[in-house]
Amino acid sequence: MSATPAPPPLSSEEEAVMRALGRLMLVLPRLLDADLEREQRMSLSEYQVLRHLSESQCHIMRMSELAAACDMSLSGMTRLAAKLESHGYLKRIRCESDGRGSNAVLTEAGLTRLREAWPAHLASVRRHIFDHLGDLDLTSLAHALTAMTAD
């Protein structure tokens with residue numbers, strides 16, 4: 001068995017990018033969440049659920065797909081959906097094609113709530129992300145970030 005040769009060490013610039021990305025992955029969600037909580041009394045997770053439902057066909061998604069889209073466990077999504085349902089922002093219905101599954105459906109109240117929260121979230125995204133990017137090529141950055149998560 002031959003050993004795979006070790007990759008070359010990171011340059012100082014590569015190391016700086018790696019450390020900055022690591023910090024960004026930890027801190028950015030907390031910053032966006034804190035802004036939404038403070039300004040809208042809504043968590044980033046709640047916002048993401050409503051946003052994904054608003055962007056889906058007929059404002060409906062299977063609970064397992066919604067959990068995956070929000071990078072949550074199914075049990076975590078079930079708890080969050082129950083909270084949003086108690087506020088009237090979504091309703092859960094049995095999946096017609098599979099009686100064991102459930103779908104989440106965005107209500108008019110949920111869409112209204114998302115629209116109320118959107119300006120605060122947009123301001124937060126601009127302040128924490130885009131205000132720091134200057135003249136960076138956003139198309140290339142988006143492609144690079146997407147490629148990083150393709151594995």
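1. Helices H2 and H4 are roughly perpendicular to each other, a label given to angles of 65 to 115 degrees, with under 35 degrees counting as roughly parallel, over 145 as roughly antiparallel and the rest as oblique. The axes of H2 (residues 44–55) and H4 (residues 74–86) cross at roughly 80° and come within 11 Å. Axes here are lines fitted to C-alpha atoms, for helices over the stretch in contact, and angles run from 0 to 180 degrees between N-to-C directions. On the H2 side the contact is made by Ser-45, Glu-46, Val-49 and Leu-50, and on the H4 side by Met-77, Leu-80, Lys-83 and Leu-84, where contact means heavy atoms within 4.5 Å. These residues divide into five nonpolar, one polar and two charged (Ala, Val, Leu, Ile, Met, Phe, Trp, Tyr, Cys and Pro count as nonpolar, Asp, Glu, Lys and Arg as charged, and the others, Gly among them, as polar).

2. Basis of the values. This is a predicted model, in which local features need pLDDT of at least 70 and side-chain atom pairs count only at pLDDT 80 or more, while totals for chains, interfaces and linings use all residues. Residues are numbered from 1 along each chain as its sequence is written, and side-chain values use heavy atoms, with hydrogens and water left out. Helices (H or I, at least four residues) and strands (E, at least two) are DSSP runs, numbered from the N terminus.

3. The largest nonpolar core has 26 residues, of which Val-49, Leu-50, Leu-53, Leu-66, Met-77 and Leu-84 touch the most other members. Such a core is a set of buried Ala, Val, Leu, Ile, Met, Phe, Trp, Tyr and Cys residues joined through side-chain atoms within 4.5 Å. At least two residues each come from H1, H2, H3, H4, strand S3 (102–106) and helix H5 (108–128). H2 gives the most, with five residues. Apart from residues up to four places away in sequence, Leu-84 touches Glu-46, Val-49, Leu-50, Tyr-89 and Leu-90.

4. Met-72 sits in the loop between helix H3 (63–69) and H4. Its relative accessible area is 24%, so Met-72 is partly exposed (buried means under 20%, exposed over 50%, partly exposed in between, with a 1.4 Å probe and protein chains only). Neighbours within four places in sequence aside, Met-72 is in contact with Ala-67, Met-77 and Leu-80. Met-72 and Ser-45 are 27 residues apart in sequence, with their C-alpha atoms 9.0 Å apart in space.

5. Asp-35 belongs to helix H1 (residues 12–40). Asp-35 counts as buried because its relative accessibility is 6%. Its side chain makes a polar contact of 2.5 Å with the side chain of Arg-38; the term covers a pair of N or O atoms within 3.5 Å, where within protein one must be able to donate a hydrogen and the other to accept it, and residues adjacent in sequence count only if both atoms are side-chain atoms. Neighbours within four places in sequence aside, Asp-35 is in contact with Gln-40, Ser-124, Arg-127 and His-128.

6. The loop between H1 and H2 includes Arg-41 and Ser-43. Arg-41 counts as exposed at 68% relative accessibility, whereas Ser-43 counts as buried at 14%. With neighbours within four places in sequence left aside, Ser-43 is in contact with Asp-33, Leu-36 and Glu-37.

7. Backbone points to check. Most residues other than glycine have a negative phi. Arg-41, not a glycine, has a positive phi of about 55°. Cys-58 also has a positive value, near 60°. Cys-58 lies in the loop between H2 and strand S1 (60–62) and is exposed, at 66% relative accessible area.
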